[in-house]
Amino acid sequence: MKKTWASLIILLISVFVITGCSSSTSGGKQTTIQFVHWRGEDTAAFKGIISKFEKENPSIKVDMKVYPSDSYQAQVQATLLSGKGADVFASFPGSQFATLQKAGVYEDLTGKSFVKSFKDDLLAAGQADNKQLALPYQLVYNIPVYNKGIFEKEGIDVPKDWDSFLAACEKLKKAGYIPIAFSGDISPSQFINPMMMNNQPDEKVFEKLEKGEESLTNEWYVKTLSQIKELQDKGYFQKDPLGTKKDGAAVLFAQEKAAMLAHGSYMMATVAQQNPTIKQGLLAPITVSEDQKVYDGIHTATFMLGVNAKSAHKKAAEKFLSYLTESKVASEYANKTGQLLTLNDVSYDSKELEESAKWLDKKTRFQPRFTITKEPISKAIEVSVQDVISGMSPEKAAEKAQEEVKRALQ
């Protein structure tokens, strides 16, 4: 009798284990895929979308995991390489994409039907070796957000050159506002892009830097660092800008203590949640005279979605990725998160998105920093901005950064 009960228990345990571990999407058995990204502010929107996806696809469950953006690559790379974690994951363009691509973590999506839903000219950031490895989901403008109401109240027009930008900052400071809210964790890597875009309009400049054909000690980069230092020296950032975090800078802007926020369009929805009556716009500092201007601003095709090449559930992962590209779903995500998307058929209904969409007709340049494929070089540029804000001379900061470039190229 004891042997009979023991055999029955073993049989039941075996059934539960087999059922629980199944990766099949047929016969009523359920597959669990893991969706990994860094945008904690999108959690609520994604939860709603995932819930609807699971109702339409009862054989698939989506487990979402969110990591902090500043440590995302380090935390997610081991998971991707193991093949036991992320099935659908997001990545940044540039050095992070290059690192993950070289590690072989991306499944080739070339020719998949849902790729046709995207704007062709915005897919390049996710391509390598003539393959579509990742799908940039968001279109971001990496230029400061500004308070239209404050500018109107103080009679300030959007600056068209460097002198008028400095004059606007001075007028804002005298009126009691922080001209530019700057955060040490995000702004150095963001603000450098519009600051350099017209000082060095060559879109291949960082490609040349990585080939040893360009140097950060050249006049254009020293000038860019000098202009950032000028903003700091004249008190146009808040006190201790490098000690301010992203959320803290956003609060200064949302509370209308600061007139500009040195982040990008991705912050507009967050700010609007904190202050629904604020009137926001986008502007880029023009660091040259108006007649020398080449670009109006900076854009990035980012939040690049991919399928893990080592995933055991590729069909289910692709089904979820395809679902995110559907017009109705993409429109829901865009309007709930305030993100402009790279897809063709999206309906926008928020004033922040309508404001961002105005930039579709402007001459913008793909974010220069994301053309860098070597992370130490990207980091050196970010640190050089921190250095001049900390008081280092632009020449010394540029020399220090260039030494890091040389080490990275050895």
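Which residues are buried in α16? I will start there, and please keep in mind that this is a predicted model.

Helix α16 covers residues 394-409, which is 16 residues. From its first C-alpha to its last it reaches 22 Å, close to the 22 Å expected at 1.5 Å a residue. The buried residues in α16 are P394, A397, A398, A401, Q402 and V405. Looking down the axis of α16, you find these buried residues within an arc of 130°, so they line one face of the helix. The spacing has a general background. An α-helix has 3.6 residues a turn, so residues three or four places apart point the same way.

What do the buried residues of α16 pack against? Their partners are α8, residues 205-210, α9, residues 219-233, and α15, residues 375-389.

Next, F237. This residue is found in the loop between α9 and α10, the latter being residues 246-254. Is F237 buried or exposed? F237 counts as buried because its relative accessibility is 6%, and the cut-off for buried is under 20%. Setting aside neighbours within four places in sequence, F237 is in contact with I178, I180, F182, F191, I228, L231, Q232 and I389. As for P144, which is 93 residues from F237 along the chain, the two C-alpha atoms are separated by 13 Å.

Now the aromatic rings. The count comes to 22 aromatic pairs, and I will show two of them.

One is F46 with F303, a stacked pair, 6.2 Å centre to centre with 20° between the planes. F46 lies in helix α2, residues 43-56, and F303 in strand β11, residues 297-307, so the pair ties together parts that are 257 residues apart in sequence. F46 is buried, at a relative accessible area of 0%, and F303 is buried with a value of 0%.

The other is F92 with F370, which is tilted: 6.4 Å centre to centre, and 35° between the planes. This pair links distant parts of the chain, 278 residues apart. F92 sits in the loop between β3 (88-91) and α4 (95-102), while F370 sits in the loop between β12 (364-366) and α15. F92 is buried, with a relative accessible area of 18%. F370 is buried as well, with 13%.

Last, two lysines over rings. K362 lies over the face of W359, 5.1 Å from the ring centre. K363 lies over the face of Y295, at 5.5 Å from the ring centre.

Technical notes: Residues numbered from 1 in each chain as written. Predicted model: local features only at pLDDT ≥ 70, side-chain atom pairs only at ≥ 80, totals over all residues. Heavy atoms only, no water. Helix = DSSP H or I, 4+ residues; strand = E, 2+ residues; numbered from the N terminus. Expected span 1.5 Å × (residues − 1). Buried < 20%, exposed > 50% of the residue type's maximum accessible area, 1.4 Å probe, protein only. Arc of directions from axis to C-beta. Contact = heavy atoms within 4.5 Å. Phe/Tyr/Trp six-rings, centres within 6.5 Å; stacked < 30°, edge-to-face > 60°. Lys NZ or Arg CZ within 6 Å of the ring centre and 35° of its normal.
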